[in-house]
Amino acid sequence: RACTLYGKLGPVVVHYRYVEARQQFLKTPEEAAEREWRALDRKYAAAVVGELEQLQGMYTKYGQIASGMNNTFSTIWIEQLRKLEDKVPPRPKEVVMRTILEETGKPASETFSEFDDAPLGAASVAQVHRAVLSEKYGNKEVAVKVQRPGVETTLLGDVKQLKRLAKPLRGTTPVDYYIVFQELESQLADEFDFIREAAAMERIGTTLSEAPGGAALVVPRTVPSLCSKRVLVMDYLRGEPLSRLAERLPEGADLGPAGKALLAALTDAFGRCIFETGFFHADPHPGNLFVLDDGRIGLIDFGQVKQISGKARCTLGKVMCALAQRERSKEEPYGILRDLEPLAELGDELGVVLRDGALRPEGPAAVSMWLFDDASEPLPGGFEQSELSPKAPAMSLKSFPQDLVFVARSSVLIKGLAARLGVKWSLASKWAPMAVEALDLNEKDARGVRRRGRLSKLGDGVKARVSRVVAPVVRRRLAA
């Protein structure tokens, strides 16, 4: 499988690199260079994505990840990659029924009064069918997620091959893909156990439902008695995947308030999970986001989740505050030098390692802005926003902390969606107040007033209650 993929992709990569080198040598005018790139995209995008679709497994999953990277790939590539988000060729219904029988010990007809033949969606690990529970289980409309037979062996084999390829290339590519693949491999072990997924779904659903004003995203709840390692039964969300909705939107379409509401919901939900509990959904491609019939946004597929440490959450929160509070000038629109230096120190604390000779503090500051600030903002040190550019901040990275790979993946999704909708959106400015509140950072607000974090407020409340109980006792003893 690996040989087949690299045999197909190798000539494509070589052709792109050749064109890039030739354009730089000849100093090709920008307009002519852009036409040449688009011609290459039209020549290769459909064929490469078709190959990923045929191979399935982990290669399909990486295509799904790339489909949300609007700032990295051209619209031609994105349109083709979106086909992988929920349109992987499904398994026949008889295979699905056999899996349900093997997992539950009884035929599906005893559990479901209705079970749609065609799946709602098919992805790399499983496919999902709409069904209605039998009278015994409450006649409820549900979605049934059924794992593909043999998928665990296939995906783990794929990622091992990719790790073997990435290891000798460490230090020669813009991103340390060995670390990325290593983190994905560690997460995959849990993705094949739907009982774990059900627990993750319940935990994140509870976190979001407890947010002030209610949940920003709708999370389906499970039917615990019908969940097993390879079958997951949950609430049916009536709506349409964002990936399919995006296909019908003309390029550059302005969704206005609706687009901003979508971004706000995603930003709020992921921010709360990351900073409040450190436990969040780690596979947020557009095929896993639903625009529901009532206008709300639903989040599905909790096979990949991530728990990050309290220390990492705290440092990450400080990064958000440093980005949001930096002072800018006409000469330095990305922030004056003294505000960039703390970003470099926080990057060190997180475990971000730059290549020898990388600009400092501009290099680590540019990495933070690239991940968490508005995609249209200029970057310091001559860096550029596009990951494919030789001046991308990733080019200065030697290694990136494994613990934060999936945080970066979430930020890439939200920033890519903002770019697709044509909306200026800074995650740092949105997440900084959440981080202060959740992590007790006690940062100052825009007026210079020190804000109190949730832990400080909780501590004040406890002290007040203790005082109300203890003070009368003390007074009585003193009076005696």
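Trainee: Which residues of α12 are buried?

Mentor: Happy to start there. This is a predicted model, where local features need pLDDT of at least 70, side-chain atom pairs count only at pLDDT 80 or more, and totals for chains, interfaces and linings use all residues. Residues are numbered from 1 along each chain as its sequence is written, and side-chain values use heavy atoms, with hydrogens and water left out. Taking buried as under 20% relative accessible area, exposed as over 50% and partly exposed as in between (1.4 Å probe, protein chains only), the buried residues of α12 are A312, R313, T315, L316, G317, V319, M320, C321, A322 and L323.

Trainee: Which helices do the buried residues of α12 pack against?

Mentor: Helices here are DSSP runs of H or I with at least four residues, and strands are E runs of at least two, numbered from the N terminus. With contact meaning heavy atoms within 4.5 Å, the partners are α11 (257-277), α13 (337-350), α14 (362-372), α15 (405-421) and α16 (427-439).

Trainee: Which helix gives the most to the lining of the largest cavity?

Mentor: A cavity is a set of points on a 1 Å grid, over the protein atoms alone, where a 1.4 Å probe fits but cannot get out; lining residues have an atom within 4 Å of a point. The largest cavity holds about 130 Å³ of space. Of its 15 lining residues, L350, V352, S368, L371 and F400 are the closest to the centre. Helices α12, α13, α14 and α15 each supply at least two lining residues, and the top contributor, with five, is α14.

Trainee: How many salt bridges does a search of the whole structure find?

Mentor: A salt bridge is a side-chain nitrogen of Lys or Arg within 4 Å of a carboxyl oxygen of Asp or Glu. One of them joins R38 and D41 at 2.7 Å, N to O, with both residues in helix α2 (residues 30-55), three residues apart. E114, D116, R130, E141 and R238 are linked in a network of such bridges. For the whole structure, the search gives 27.

Trainee: How many residues apart in sequence are the parts that R360 and D348 tie together?

Mentor: The closest N and O atoms of this R360–D348 salt bridge are 2.4 Å apart. R360 lies in the loop between β11 (353-354) and α14, while D348 is in helix α13, so the pair ties together parts whose separation in sequence is twelve residues.

Conventions. 1 Å grid on protein atoms, 1.4 Å probe; cavity = no way out; pocket = protein on both sides within 12 Å on 5 of 7 lines; lining within 4 Å. Points joined across faces, edges and corners; volume = space filled by probe spheres on them.
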